[in-house]
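Biologist: I have a structure to go through with you. Could we take the sheets and the helices one at a time?

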Amino acid sequence: MSIRRNKQEQLRGSAESQLACEQAKDAQVPQDGDLLHELQVHVIELEMQNEALLHSGVMLEESRDRYVDFYDFAPVGYLTLSHKALIAEINLTGAAMLGEVRSKLLRRRFSEFLAPEHHDRWYRHFMDVRQQDIKLTCELDIPRGDGQRLHVQLDSLRLEKDGHPPVVCIVLTDITELKRAETALRESEGRQRLLEQQKLIQTSLDGFWVMQAKDARFLDANNAFCGMVGYSREELLTMCISDLEAVETREETVAHGKEVMEVGYGRFETRHRHKQGHLVDLEVSASYSATNGGEFYVFVRDISERKRAELERQAHARSLECLDRVHRAIQGETDLEQMMSDVLDVVLAIFNCNRAYLLYPCDPAATEWRVPMERTGPEYPGAHDLGDAIPMNKEVAEVLRLSLEADHPKKFGHAAEHPMPQTILEQFGVKSQMLMALHPKLDKPWQFGIHQCSHARIWTRDEEALFEKIGWRLSDALTGLLMYRNLQASEREFRTLAENLPDVLIRYDREGRRTYVNPAMEQTFLVSAAQLIGKTLGETNTSGMQMPESYRRALAHTLATGERSELEMQLPSSDENMHTGLCFIVAERAEDGQITGAITIGHDITERKRNEAELERHRNHLEKLVEERTHALSIAKETAEAATRAKSHFLAAASHDLRQPISAIGLYNDALVLSGLREEQMRMSRNLTRSVESLGEMLNELLDIAKLDAGKLVPQPAVIQSAKLLGTIASEFDSAVREKHLSLNLFCPRKNLALFTDKNLLLTILRNLIGNAVKYTNQGGILVSIRQRDNRALIQVWDTGIGISPEQLDLIFDEYFQANNSERNRAKGAGLGLAIVKRVSEALGNRVSCRSRLGRGSVFEFSLPLTQSMGEQVMPVQSSASNMGSALSRLVGKRIMVIEDDAMAATALKSLLEAYGMQVIHFSNAEEALGYAEAMEADHYISDYHLPGMDGLQLLDAIQTKSAEPIKAVILTGNTSLDQIAITQSSRWKVLSKPFALPELLSAMEL
């Protein structure tokens, strides 16, 4: 009001000034009063106002034209909306933005022109503008008819007019290019950051991948993620996320992706399936970017170990909780049946099974079994309700055996390691079971088990581990309760024993106070238990009984160290005589080994002491007698040993002295055959040959028996080829079997068998067995077989001879026993061959057995250890006749030097060799031979070992020393003692024992 009043005053002042000027020009202006003056002033005021109004109108029209031009052609759109969001006004730019003629836009809703997904945003913006007096901004998308989208910014303000509802004025700014530039910039910056971070991502321990939003296909993945799922990057780029996802379905994965798109990021846990089939737990952090049509950037971390640890922790916590329940059921219970009942109730609840039981005994060898304790559901009664023991069958015994052999619970039923036994399935309706053996101390094993009868159940590893721990705890509890029972029984037994023991028994606690004395103590010393119990040795008691200081020290020592004490004491007894007592003090210990007390047992040895004194007198007398007898036995032993030595010397001498003439007889007979005998003389010669051979065999057998009796045959094992062994047998017995028109078959399927034994002793056994077979077989033949049996060789000698009756089988290995030779035919030997076989086989650590059928034949067999194969060898089998003929042909004309001190033997050998075309020169001692000028030029040397002066080995060594080439020589000996054999075996030349056959000599000379 004051402003208007001031304007009116200014206007009046201006009118009055103008009126004053006009009056000054017109001097004749009448002065008719104030009314006229006011009228003139008002006229001037009106004229002035009219001019001002005309000027303002012109100005206003110009301004309006400028406003309309600016409003319609402004670079931004202007529109006014009514309170109902209808378009009231809009400029041309705004209409162009909306893509419609301005006249068709009035009174239409602005939301019609917006993208559908922005309707909610527009509505919230419009409501906020209507309620507030400040300018608000919003960004929206306007789809165009040409398929493009216009991105605009709205700057909105509420305006109110008097008496009219408020309107909303909006400025539309096209920011499409700006947004595109910003998006491009963000994409460029994002790509640049992605490239810069890619090196870090590729070396990251966490997995990373990029996924396209529209089809969930992988666009990129780092090495860590490839390692997590087992696929290469190239393989992943051909896959989508649903190919790996193991938790969500494809639809759930799509819905999950939309949630992340709306929020912009997400964090969750899932599982992917590894290329090898197992599942991998992952922690996922995903973010969404609208670039390139929408992409997900995802970081993953393998949390399998964490999940596993968490599951293990949960399982461990549950296991501890369950074990605590079992422990509470066991704790404080001393009744075995009640404890087992309480534990089985807990087991039934923990595993939610139909039956829990304890079986006894868990022994497959038992004849019956029972279930002393069982807990079941009401609809599944078990074996406990049967009451009595149940007979054992094969299936139950097998189940018990499996549980005893296993160190973990055994599972039976569907998908378990063992099928359900049919008997248990049919009788008790069990479809799945888990069981284990309990091994309490002081008792036989029990079996602890649970049954599932309602359905086939697969027991998990956690359930198996928990079941095993409960089994261990139950086994310990059984041990404790059984020990408690035994302790109670032991206490009762101790009382019974102590009260009926004739010896004195006292029990002390840890401080040395008496806790028990038996009736024998009271009777012996005329004291009552009440006078002694609770008192130590040093405390005064009404009995007046005093123990020696040695006893006090011994008791204190045992209580302190736990060591056993023993001492003798002199004490007066109730008969007022001094008695000698033998006292033992032993410590009592708790389960942890701590000393809890001691027990003293006193035994009256007064009578024993008297007897010991008497026995000492007798012992002294017996010692004198034993000393005298020992001296006599020593003399007898020396005499026997001297006789044994004399026997050995006699045998050695007899061997040498007997073999010399036998050898000479054989050689003379061989020379005689070459002189051209008639048929009758040849027959006599053959008989003479057999007699000499029989005499030689008897001599060898007697000497072998003597060596065995003297214990001088010690096996020297070595590797022997089976093929070579059979070749030796074939060579030795070829002529013998030919002479009787028999067959000699050698059978060895695996000719590369390698025996490990003493070759000479083995040949002794075989020669005796085969020789017996030849002697007692008149038709058919002999079979020698060597076959492998595991790691040993089974050697058998079969014949088709006369056989042995059953009553004689146990006697054939006795000395001088001969079956079917009551006439004592010397051609059948002296009956020592099988005795030698028995003793030699025992020396080799085996046994020769015999099976025989009278009139059909016999088989002798024994086995020897095998060693590694030495390779297959071809068995050399040649006749002795062919070998001898070949040797003779090569020796004709050779110069032979014979050194033999026995004239008869030397003459026979010289005559025989000369008969075969050899040049022989003989010397009776080594000195003569060495003095011969041409001694070094002989082709062969044959020397007896026992020569006067220098022996045969020394002679041959001397000749070899003087010779430039290795000489060929044979040593002859008639001494077959072990000492002589040891000496000659170390020789570099072949050694022959007298008597010997011509083929043996020729073979030795050919070596």
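Biologist: In what order do the five strands of the open sheet run?
Modeller: This is a predicted model, where local features need pLDDT of at least 70, side-chain atom pairs count only at pLDDT 80 or more, and totals for chains, interfaces and linings use all residues. Residues are numbered from 1 along each chain as its sequence is written, and side-chain values use heavy atoms, with hydrogens and water left out. The pairing is antiparallel; two strands pair if DSSP finds at least two bridges between them. Strands here are DSSP runs (E, at least two residues), helices likewise (H or I, at least four), numbered from the N terminus, and the order is β7-β6-β10-β9-β8.

Biologist: Which strands are at the edges?
Modeller: An edge strand pairs on one side only. That picks out β7 (218–221) and β8 (265–273).

Biologist: Which residue in β9 stands opposite His272?
Modeller: β8 and β9 (residues 279–289) pair in the antiparallel sense over nine bridges. Opposite His272 stands Val280.

Biologist: At what angle to β8 does helix α8 run?
Modeller: Helix α8 (residues 250–263) lies across β8, β9 and β10 (295–302). Axes are lines fitted to C-alpha atoms, for helices over the stretch in contact (heavy atoms within 4.5 Å). Angles run from 0 to 180 degrees between N-to-C directions. For α8 against β8 the value is about 155 degrees.

Biologist: Are α19 and α20 roughly parallel or roughly antiparallel?
Modeller: The axes of α19 (residues 722–739) and α20 (residues 759–775) come within 11 Å and cross at roughly 30 degrees. Angles under 35 degrees count as roughly parallel, over 145 as roughly antiparallel, 65 to 115 as roughly perpendicular and the rest as oblique. So α19 and α20 are roughly parallel.

Biologist: Is strand β32 mostly covered or mostly open?
Modeller: Buried means under 20% relative accessible area (1.4 Å probe, protein chains only). Ala969, Ile971 and Thr973 point one way and Val970 and Leu972 the other, and all are buried. With five of its five residues buried, β32 (residues 969–973) is mostly covered.

Biologist: Which residue in β33 is the bridge partner of Val970?
Modeller: On one strand, β31 (residues 940–944), Ile942 stands opposite Val970. Four bridges also join β32 to β33 (residues 990–993), and these two run parallel. There the partner of Val970 is Lys990.

Conventions
Buried means under 20% relative accessible area, exposed over 50%, partly exposed in between (1.4 Å probe, protein chains only).
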